[in-house]
Each structure stands twice: as structure tokens, then as C-alpha cells.
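Hello,

I am passing a structure on to you, with some notes to read beside it. Please have a look at it first, and then go through what I found.

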Amino acid sequence: MPFTIAIDGPAAAGKGTISKAVAAHFGYAHLDTGLLYRAVGAKVLAGADAIEAAQALQAEDLENGDLRTAEVAQAASKVAVIPEVRSALVDFQVAFARRDGGAVLDGRDIGTVICPEAEAKLFVTASAEVRATRRFKELSEKGSDQSYDDVLADVIARDKRDSERATAPLKPAEDAVIVDTSDLSIEAAIAAAVAAIEAAG
Ligand code: C5P
């Protein structure tokens with residue numbers, strides 16, 4: 001029987017790490033839906049039309065190794081405001097969510113738009129400063145020379161665009177459990193997420 005776990009939240013709140021750990025814990029498949037928007041954003045940076053790129057998107061496009069850059073993240077959040085881009089990506093996500101054996105999807109609108117019927121919904125968040133600190137550390141370890149202030153400005157700009165857009169804005173579903181990871185270790189955040197899902201199921 002399908003069991004869907006929806007995990008939403010802003011950039012760098014720990015969603016990705018928590019989603020992977022939750023999927024491994026329950027033995028479910030995991031889809032990072034940000035990759036869909038990043039893949040479209042990367043195609044736009046390479047000169048493609050956003051709507052055409054979204055309509056033609058293939059599963060292989062999600063395996064492009066260069067989707068994790070700050071430039072692609074900003075491009076992703078720009079294409080993500082276009083309603084036709086969002087609607088072109090719905091079927092893939094819904095099919096993934098309803099596969100047999102259970103699925104974890106993480107993104108911005110999974111609990112609100114893509115899977116309003118998900119059996120468990122989490123909204124993973126943290127303060128902008130904590131998120132920027134984490135992202136800064138991650139980028140520095142990869143050899144990026146972006147300053148902390150630039151990373152914080154990027155996080156805030158992306159939050160603003162994601163929360164204020166008209167179509168599928170970033171916000172918790174009414175029935176989502178909020179997990180604030182600002183003061184939690186990774187292990188504690190994963191444990192809180194697993195406990196919330198067990199309580200929901
Ligand atoms: O999660 P990630 O940082 O990879 O997402 C990149 C961008 O894609 C986000 O800033 C957001 O604009 C967009 N996105 C979205 N809806 C989703 C997942 C991501 O709008 N479900």
C-alpha cells in the first residue's frame with residue numbers, strides 16, 4: 001500500500017538530510033523535488049525556454065552533477081514561480097508519491113499541493129542565520145569562496161521568492177508537524193522527524 005511522507009521547508013533547514021534518513025529508516029524511496037526545479041534552472045542558464053524545458057524534463061536530467069551550485073539554486077527559484085513550469089512537473093511527483101512500498105518527497109509544496117493526502121507531513125525549518133551558517137560551511141568545504149554575508153543574502157532572497165510567489169508558495173500545510181532544527185543536532189532532528197511520522201501513521 002502506498003504511504004507518502006511529505007517534507008517541506010526552506011533552503012538549508014536540514015530537509016535533505018532528514019528526508020534521506022527517514023527514507024532509509026522506513027525503507028521508502030526518496031525524491032528530492034528541488035532537483036526537478038534545479039534541472040529546469042540549469043537548462044535555462046544554458047539558454048533553454050523554462051516551460052519547454054520543464055515539459056521535456058527526463059529522469060536522467062536529475063542526475064546532472066552540476067545542479068548543486070548557488071547559481072543553479074537561484075535559477076531554480078526563478079523558474080519555480082512560473083505556473084506552467086510547476087504544472088509540467090506535477091505528474092512525475094504524484095506518480096512517485098503513490099508508488100507501492102512508500103515514498104518520501106521533500107520540497108516546498110509537497111504537503112500543500114502535490115500530496116495534500118500524504119499520510120504524514122513535516123515542515124522542517126530553522127532560523128535564516130542558522131541555515132546560512134550551515135550552507136556556508138558546506139560550500140566552504142567544497143572549495144567555494146562565497147562569503148557568509150553572500151550566502152545569507154542568497155538564503156533570504158530565495159526564502160522571499162519562495163514564500164511570496166502566487167502559485168504554491170512555501171508554507172506549512174495546516175496539518176504539518178513543525179520541526180525547528182535551529183537548536184538540534186542532526187541526530188536529534190532525525191529522531192524528532194521519525195517520532196512525528198510514527199505518531200502520524
Ligand atoms: O530544495 P532546493 O534548494 O533544491 O530547491 C531549489 C528551488 O526549487 C527552491 O528555492 C524553490 O524555488 C524550488 N522548489 C519549489 N518547489 C519544490 C522544490 C523546490 O518551488 N517542491
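A term to begin with: a residue is buried if 20 or more other C-beta atoms lie within 10 Å of its own, exposed if 12 or fewer do, and partly exposed in between, with C-beta atoms placed from the backbone. By that count, 41% of the 201 residues in the protein chain are buried.

Please keep in mind that this is a predicted model, where local features need pLDDT of at least 70 and side-chain atom pairs count only at pLDDT 80 or more, while totals for chains, interfaces and linings use all residues. Numbering starts from 1 along each chain as its sequence is written.

Now the overall build. Two residues are in contact if their C-beta atoms, placed from the backbone, lie within 7 Å. Among contacts between residues at least 6 apart in sequence, 75% join residues at least 24 apart.

Next, the interior. A nonpolar core here is a set of buried Ala, Val, Leu, Ile, Met, Phe, Trp, Tyr and Cys residues joined through C-beta atoms within 7 Å. The largest one has 34 residues, and Ile5, Ile7, Ile18, Val22, Leu105, Leu122 and Ala193 have the most contacts inside it. Elements giving two or more residues to this core include strand 1, helix 1, strand 3 (103–107) and helix 10 (186–200). Another core, of 18 residues, lies apart from it, with Leu36, Ala54, Ala73 and Ala76 among its members.

Then there is the stretch that the unreviewed UniProt entry annotates as "binding site": Gly9, Pro10, Ala11, Ala12, Ala13, Gly14, Lys15, Gly16 and Thr17. UniProt positions are given in the numbering used here, feature names are shortened, and annotations may be inferred rather than shown by experiment. Gly9 sits in the loop between strand 1 (4–8) and helix 1 (15–26), and is buried because 28 other C-beta atoms lie within 10 Å. Beyond its neighbours within four places in sequence, Gly9 is in contact with Lys15, Phe123, Val124 and Thr125. Ala12 belongs to the loop between strand 1 and helix 1, and has a positive phi, near 60°, in a residue other than glycine. Gly16 lies in helix 1 and has 17 other C-beta atoms within 10 Å, so it is partly exposed. Not counting residues up to four places away in sequence, Gly16 touches Asp32 and Asp106.

Which residues come nearest to the ligand? Of the 15 around it, they are Gly34, Tyr37, Ser77, Ala80 and Gly107, where near means a C-beta atom, placed from the backbone, within 6 Å. Helix 2 (34–45), helix 4 (70–79) and helix 9 (148–164) each supply at least two residues of this shell.

Best wishes

Technical notes:
Helices (H or I, at least four residues) and strands (E, at least two) are DSSP runs, numbered from the N terminus.
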